[in-house]
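Subject: Structure handover and findings

Dear colleague,

Please find the structure below, handed over for your use. A written account of the findings comes after it.

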Amino acid sequence: MLRKITLLGIVALVAVGAGQANEGKELRVSGEVVRASAQTLSVENLTGDAVLTCAVPARLAEQVAGVKTGDKVRMVCVRYRGRKAELVKVERLVAKVPETKPVEKQEAAGLVAELGPGAIVVQGEQRLACRVPAEKQAKLEGLKVGERVKLSCVAHVLVGLERYEADRPAVQEVRLYGKITTLSRDRVTVLGEAGSLSCFVPATFAEKLVRFAVGDSVKMMCRGSELTYLEKP
């Protein structure tokens, strides 16, 4: 195993500064503290292939006392000709906190495709599967596969569930003036200038048909395909 290089003047570790006072050479290193005492401080560079050791002057002894092995630091030393490198500055490296992305809320409206005590899957325009925590289990009571729901989840954990009926298109109402061409207890057909219209007769309306006969001129109104109004003008 190759021995690590003790850096007291090796260019591989040192970013040589321009400190030229008294022919001093500035040495810098960023990495992990491998040895720390009141007399010396040794720091291994980030790549782990060299160590810089610097003597600790009395004025920095108190600061170095707070440094321990394993700490990540940035160290600056100066070496004067014929003397050992001496510590000038040491500061801790602050680890960057990774940016956290905001948790996105997932929503889906559609039919319950899968259902279990701990999970629910809804299939709409998109498929959404969510875990159901214990405090949300009550929302699944009475729910069945095939029911229509609106699902809200955060990080695929259920936060809201709403049961609903799909919006039904508005039923069109049609009116027509003309003559009855067919008449039965179930259906009546009227032919007018706008064309022919045939409507189903609801049970509540059947008894009223005894007042009408084929050929009668009438005013008829239907909602969708169901008779709602039939009178002679």
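This is a predicted model: local features need pLDDT of at least 70, side-chain atom pairs count only at pLDDT 80 or more; totals for chains, interfaces and linings use all residues.

Residues are numbered from 1 along each chain as its sequence is written, and side-chain values use heavy atoms, with hydrogens and water left out.

Strand pairing

Helices (H or I, at least four residues) and strands (E, at least two) are DSSP runs, numbered from the N terminus. Two strands are taken as paired if DSSP finds at least two bridges between them. Strand 7 (residues 105-116) pairs with strand 8 (residues 119-124) in the antiparallel sense, over 6 bridges. A hairpin of 2 residues connects strand 7 to strand 8, and V112 has V122 of strand 8 as its bridge partner. Strand 8 also runs antiparallel to strand 9 (residues 127-131), to which 5 bridges join it.

Nonpolar cores

A nonpolar core is a set of buried Ala, Val, Leu, Ile, Met, Phe, Trp, Tyr and Cys residues joined through side-chain atoms within 4.5 Å. Buried means under 20% relative accessible area, exposed over 50%, and partly exposed in between (1.4 Å probe, protein chains only). The largest such core has 17 residues, and L41, V43, L52, C54, M75, C77 and L87 have the most contacts inside it. Strand 2 (25-36), strand 3, strand 4 (50-55), strand 5 (72-79) and strand 6 (86-92) each give two or more residues to this core. Another core, of 15 residues, lies apart from it and includes I180, C199, V201 and F205.

With neighbours within four places in sequence left aside, C54 is in contact (heavy atoms within 4.5 Å) with Q39, T40, L41, M75, C77, A85, E86 and L87.

A buried asparagine

N45 belongs to strand 3 (residues 40-45). Its relative accessibility is 10%, so N45 counts as buried. The N45 side chain makes two polar contacts of note (pairs of N or O atoms within 3.5 Å; within protein, one must be able to donate a hydrogen and the other to accept it, and residues adjacent in sequence count only if both atoms are side-chain atoms). One is with the side chain of T47, at 3.1 Å, and another is with the side chain of D49, at 2.6 Å.

Salt bridges

A salt bridge is a side-chain nitrogen of Lys or Arg within 4 Å of a carboxyl oxygen of Asp or Glu; the count by this rule is 11. K68, D71 and R92 are linked in a network of them. D71 counts as buried because its relative accessibility is 10%, whereas K68, at 53%, counts as exposed. R92 is partly exposed, at 45%.

A further salt bridge joins the side chains of K89 and E91 (3.9 Å, N to O). K89 is partly exposed, at 44% relative accessible area, and E91 is partly exposed, at 30%.

Yours sincerely
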